[in-house]
Amino acid sequence: MRVFTAALATETNTFSPIAVDKRAFEASLHAGPGEHPATPTLCTAPITVGREVCAREGWTLIEGSASWADPAGLVARTTYEELRDAILDQLRAAMPVDGVVLGLHGAMVAQGYDDCEGDILSRVRDIVGPDILVCAELDPHSHLTKKRAEAADFFVYFKEFPHTDFVDRARDLWDIAARALKGEIKPVMTVFDCRMIDVFPTSRQPMRGFVDKLMALEKSEPGLLSLSVVHGFMAGDVPEMGTKVLAITDNDPEKGAALAEKLGRELYAMRGTTMVAQVDEKTAVDAALAAKSGPVVVADVWDNPGGGTAGDATVLLAEFISRGTTDLAVGTIWDPIAVQICFAAGEGAEIQLRFGAKSAPDTGSPIDKRVTVKKLVRDAEMRFGESFAPFGDAAWIHFDGIDVILNSTRAQSFDPSLYSALGIDPKSRKILLIKSTNHFYDSFSKIASEIIYCSAGKPYPNRPAETNYRKARKDIWPMVENPWG
Ligand SMILES: [Zn+2]
């Protein structure tokens, strides 16, 4: 057997001012054929797991290129076409192949391309023809379009949000692919449109129970190969935005359709109840200051670079400063210009610095302080599950009892190791202010005395009923009260 694999992924917040070019991919992950590191990045696990599976089976794995850019705004047309065409050329050169196993995200939008994954998959299908297996692992924060579903044999999505299971789901993907390639099964995909958009963290109820139920059904239902919830992505203004449920059966589309509909209607009944309650910045600061012990983790949930914002909002920090807060460590604020100034000044320097809030409206105002540059780290990294997330050249600055980590590659606050990377012990601070909606939970909950979810400013379009969509459908909840009527 000869199997081709490659990855091309980013998550596009079409409202974000941060345009994505080739350098944005190079800053996060851009590996040529065969050059992908041993450790996977979020959407590239099909490559590393594919190495294990093909070695075990005695199959030939032909690796194409792998590119991942951290979530931001629209991808430049030339960048998208260049990365896409490289993979398509590699596939043509690898022909004939028995299967194509891709790592995609599902919410990539480029200038002129509302549905990048549908475009890639249909071009792959054109190259390999109708009889060759084409499948992909994707992030549930994506748009499942008709074009994609028609072009591919099946998809497996991460089940967990935070996405702690991206390697496990790549194993599921390869397991189904391998059995199909051996002729043991015929995967058939059916989709149910839930006519809604919402946010579905799985670390809490009711989604925890729902995901556990999906996994139990996968084990117990005869002929069922895989179930996925495509959460949808409300910051992507594209025509087919919304939540879907996906069932893969061993050639039993009636069963798949019935199961997807049943689960999809259960999910619809949970709408509006899945998110943890959020407080505004004044209430968040009150609660953090009132805490008896630390570290109290305050999450700035809607300035999450993981959702494509800049990650430079200062609304919460300004509130803490106005109350005279000390013993606070901020991880992180994106400001490549301020980082450059700190590097020029050097460790130990005391400088007048303006930082933060330069990217977009609704992010607050820049902070002006006389700061001490405590530490400078080139190419800083933090842990994220089994992999590492780069956050670029970083500077630890200190003023008035407050520590701030400034970074130059946008990254959400996945893990407390972002502090230790700069020499700050996160457990030694009373308050940790971080930027993440949900991915932080798994690691930060292990050291937190308390977690406060704060909605401060709105760089991220987090209220779909009020968002000024131009392309997204408006016949779904919460844009309409009853989309089934
Ligand atoms: Zn996601």
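The side chains of Arg473 and Asp193 are joined by a polar contact of 3.0 Å. Arg473 also makes a polar contact of 2.9 Å with the side chain of Asp475. A polar contact is a pair of N or O atoms within 3.5 Å; within protein, one must be able to donate a hydrogen and the other to accept it, and residues adjacent in sequence count only if both atoms are side-chain atoms. Arg473 itself sits in the segment after strand E17 (450-454). Strands (E, at least two residues) are DSSP runs, numbered from the N terminus.

The model is predicted: local features need pLDDT of at least 70, side-chain atom pairs count only at pLDDT 80 or more, and totals for chains, interfaces and linings use all residues. Residues are numbered from 1 along each chain as its sequence is written, and side-chain values use heavy atoms, with hydrogens and water left out.

The zinc ion is coordinated by Asp139 (OD), Asp139 (OD), His141 (ND1) and His163 (NE2), at 2.0 to 2.5 Å. Donors here are N, O and S atoms within 2.8 Å of the metal (3.2 Å for Na, K and Ca); water is not among the atoms, so sites may look incomplete. Along the chain, the donors are spaced as D-x1-H-x21-H. Angles among the 4 donor atoms run from 55 to 146°, and the site is irregular. Four donors count as tetrahedral if all angles lie between 85 and 135 degrees; four count as square planar and six as octahedral if opposite donors are over 155 degrees apart and all others between 65 and 115; anything else is irregular. Asp139 and His141 are both buried (under 20% relative accessible area, 1.4 Å probe, protein chains only).

The largest pocket holds about 630 Å³ of space. A pocket is an open set of points on a 1 Å grid over the protein atoms alone, with protein on both sides within 12 Å along at least five of seven lines; lining residues have an atom within 4 Å of a point. A volume is the space filled by probe spheres set on the points. The lining of this pocket comprises 41 residues, with Leu42, Gly306, Gln412, Phe414 and His439 nearest its centre. Strands E13 (367-384) and E14 (387-399) each supply at least two lining residues. E14 gives the most, with 4 residues.

The whole structure has 4 cavities of 30 Å³ or more. In a cavity, a 1.4 Å probe fits but cannot get out. The largest cavity holds about 40 Å³. Its lining includes Phe161, Met275 and Tyr453.

Key
Buried means under 20% relative accessible area, exposed over 50%, partly exposed in between (1.4 Å probe, protein chains only).
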